[in-house]
Amino acid sequence: FANHLVDFNAQLYKVFPKEKQIVKRSDFEDLKESRIIEVGKGASIFSATTATVLTEKLTKRNTAAHPSLVVVTSVTAEEVIADLVQNVILRKIW
């Protein structure tokens with residue numbers, strides 16, 4: 001958080017000038033997840049590959065979270081979790 005806050009806020013202002021700047025961790029709750037991914041990638045906080053993984057998993061999460069005819073099984077949930085752990089959390093992204 002402390003290492004990238006200035007870069008994140010600079011990119012946030014550049015891309016979304018009407019969004020309020022991030023001051024504390026809880027301020028992220030006011031931003032859409034897709035915007036956080038876009039800003040993080042643009043500020044070079046994480047790579048394009050990491051942004052792709054995050055966007056893909058966010059889309060899956062949104063599909064599962066909203067009413068639809070899509071069936072989400074425990075296997076799908078496990079795959080999402082495993083992919084995020086291996087390709088985002090355990091990968092040094094900054």
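This is a predicted model: local features need pLDDT of at least 70, side-chain atom pairs count only at pLDDT 80 or more; totals for chains, interfaces and linings use all residues.
**Exercise 1. Which residues are linked with Lys57 in a network of salt bridges?**

*Solution.* 
Step 1. Side chains of opposite charge can pair when their charged atoms come close.
Step 2. Look at Glu79. Its side chain meets that of Lys57 in a salt bridge, 3.1 Å from N to O. Lys57 belongs to helix α3 and Glu79 to helix α4 (residues 74-89), so this pair ties together parts 22 residues apart in sequence.
Step 3. Look at Glu56. Glu56 and Lys57 also meet through their side chains, with 2.7 Å from N to O.
Step 4. Collect the members. The network links Glu56, Lys57, Lys60, Glu79 and Asp83.
Step 5. Count over the structure. The total comes to nine salt bridges.

**Exercise 2. Buried, partly exposed or exposed? Classify Glu56, Lys57 and Glu79.**

*Solution.* 
Step 1. Set the limits. Buried means under 20% relative accessible area, and exposed means over 50%.
Step 2. Take Lys57. Its relative accessible area is 4%, so Lys57 is buried.
Step 3. Take Glu56. The value is 40%, so Glu56 is partly exposed.
Step 4. Take Glu79. The value is 33%, so Glu79 is partly exposed too.

**Exercise 3. Where do the buried residues of α1 lie around its axis?**

*Solution.* 
Step 1. List them. Leu5, Phe8, Asn9, Gln11 and Leu12 are buried in α1.
Step 2. Take the arc. These residues cover only 165° around the axis, which means that they lie on the same side of α1.
Step 3. Recall the geometry. An α-helix has 3.6 residues a turn, so residues three or four places apart point the same way.
Step 4. Turn to the other side of α1. There, Val6, Tyr13 and Lys14 are exposed.
Step 5. Find the partner. The buried residues of α1 pack against α2.

**Exercise 4. What do the buried residues of α2 pack against?**

*Solution.* 
Step 1. Name the residues. In helix α2 (residues 33-42), Ile37, Val39 and Gly40 are buried.
Step 2. Find the partners. The buried residues of α2 pack against α1 (5-15) and α3 (48-65).
Step 3. Look past the helix. Ser44 follows α2, and its phi is positive, near 60°.

**Exercise 5. Which residues touch the most other members of the largest nonpolar core?**

*Solution.* 
Step 1. Size up the core. It has 13 residues, and Phe8, Leu12 and Ile22 touch the most other members.
Step 2. Find the sources. α1, α2 and α3 each give two or more residues to this core. The most come from α1, with three residues.
Step 3. Zoom in on Phe8. Leaving aside residues up to four places away in sequence, Phe8 touches Ile22, Phe28, Leu31, Ile36, Val39, Gly40, Ala43 and Ile45.
Step 4. Check its burial. Phe8 has a relative accessible area of 5%, so Phe8 is buried.

**Exercise 6. Which residues form the aromatic cluster?**

*Solution.* 
Step 1. Count the pairs. The whole structure has two aromatic pairs.
Step 2. Describe one pair. Phe1 and Phe28 are edge-to-face, with 6.2 Å centre to centre and 75° between the planes. Phe1 lies in the segment before α1, Phe28 in the loop between α1 and α2, and 27 residues separate them.
Step 3. Phe1 is partly exposed, at 33% relative accessible area. Phe28 is partly exposed as well, at 24%.
Step 4. Describe the pair of Phe8 and Phe28. It is edge-to-face, with 5.2 Å centre to centre and 70° between the planes. Phe8 is in helix α1 and Phe28 in the loop between α1 and α2, so the pair ties together parts 20 residues apart in sequence.
Step 5. Join the pairs. Phe1, Phe8 and Phe28 form one aromatic cluster.

Note on methods: Residues are numbered from 1 along each chain as its sequence is written. Side-chain values use heavy atoms; hydrogens and water are left out. Buried means under 20% relative accessible area, exposed over 50%, partly exposed in between (1.4 Å probe, protein chains only). Helices (H or I, at least four residues) and strands (E, at least two) are DSSP runs, numbered from the N terminus. Contact means heavy atoms within 4.5 Å. The arc is that of the directions from the helix axis to the C-beta atoms. A nonpolar core is a set of buried Ala, Val, Leu, Ile, Met, Phe, Trp, Tyr and Cys residues joined through side-chain atoms within 4.5 Å. A salt bridge is a side-chain nitrogen of Lys or Arg within 4 Å of a carboxyl oxygen of Asp or Glu. Rings of Phe, Tyr and Trp (its six-membered ring) pair if their centres lie within 6.5 Å; planes under 30 degrees apart count as stacked, over 60 as edge-to-face and the rest as tilted.
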